[in-house]
Structure formats: structure tokens, C-alpha cells
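User: I'd like to learn how to read the strands and sheets in this one. Can you walk me through it?

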Amino acid sequence: QKQLVESGGGLVQPGGSLRLSCAASGFTLDHYAIAWYRQVPGKEREGVSCVSSDPDSTYYADSVKGRFAISRDNAKNTVYLQMDSLEPGDTTGYFCGPGIASSFVVLISPQYDYTYWGQGTQVTVSS
């Protein structure tokens, strides 16, 4: 069975850190670029970060640049999102999406149809 599972979310105070994981089973992530995105219910999803299949290229939205770091461990079939200096505005569900796209702009667009979909992990930043 092919599954994509996001984990690592939780409740954290402003300024705190979380490390999200995106783990695949039943298929390999290594030839996909991976996007992390977040979505507030009822609103359009927002691309947060991307990493290429070879992890040499990354992308960050301006809203998280300098605070978040994406990485991947193909041996573990997992992609990570290290989130530091968290702010209340970062509160929402976070999802990962594998895809093969011509550019990161395409991969993180709200209309992109990822190859696999997970259930997401909730991040809440509050004092």
C-alpha cells in the first residue's frame, strides 16, 4: 500500500521549533521533487518550501525564508522541514507533496496535483 505520512506537528510557543517529517511507504521519494505546503481551511494552499530530487536545489517562500530549512534523506525515504522562530501566523496544517514539475514555481502552485497526498500534521504556535 502506498502511503505518505506527515508527522512532527504540535503545540509550540512563539519562537520555538518543530521538525516535520514526510515519510513514504510503498514507493520511493528519491526521484520526486518534494514540496511542503500549508493550508488554512477555506483558504488557498500556500507553498512553503521545495527540494529537488537531488537535494541541491531548494526554494522557500518569503514568509519562511531564514526560519525554515528543508532537507531529505533518500536512504530513509523521508523529507524534513525544520521550523525555527515559529510565529503565530505559522499555525495551520502542513502537508508534503511529491511531484515532477518543470520548476519549483509550478510545484508549489495551488493548482498543482501532487502524485501522492497525505493527511497532514497540525502546527499550532501559541503562548
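**Reading the strands**

Analyst: Strands here are DSSP runs of E, at least two residues long, and helices would be H or I runs of at least four, all numbered from the N terminus. Two strands count as paired if DSSP finds at least two bridges between them. Before we go on: this is a predicted model, where local features need pLDDT of at least 70, side-chain atom pairs count only at pLDDT 80 or more, and totals for chains, interfaces and linings use all residues. Residues are numbered from 1 along each chain as its sequence is written, and side-chain values use heavy atoms, with hydrogens and water left out.

User: How many bridges link E5 and E6, and in which sense do they pair?

Analyst: In general, strands of a sheet pair through backbone hydrogen bonds, either parallel or antiparallel. Here E5 and strand E6 (residues 58-60) share three bridges in the antiparallel sense, and six residues sit between them in a hairpin.

User: What does E5 do with E4?

Analyst: Strand E4 (residues 33-39) pairs with E5 over five bridges, again antiparallel. Ile34 has Val51 as its bridge partner in E5. This is a hairpin with six residues between the strands, and Gly42 in the turn has a positive phi of about 90°.

User: Is E5 mostly covered or uncovered?

Analyst: Buried means under 20% relative accessible area, exposed over 50%, and partly exposed in between (1.4 Å probe, protein chains only). Strand E5 (residues 46-51) is mostly covered, with five of its six residues buried.

User: What is the strand order in the open sheet?

Analyst: The open sheet has four strands in the order E1-E3-E8-E7, with antiparallel pairing. Strand E1 (3-7) and strand E7 (68-73) are at the edges with a single partner strand each, so one side of each has no neighbour in the sheet.

User: Which residue stands opposite Cys22?

Analyst: Val79 in E8 does. Strands E3 (residues 18-25) and E8 (residues 78-83) run antiparallel, joined by six bridges.

User: And what surrounds Thr78?

Analyst: Thr78 lies in strand E8 and is buried, at a relative accessible area of 9%. Contact means heavy atoms within 4.5 Å. Not counting residues up to four places away in sequence, Thr78 touches Ser21, Cys22, Ala23, Leu29, Arg72 and Asp73.
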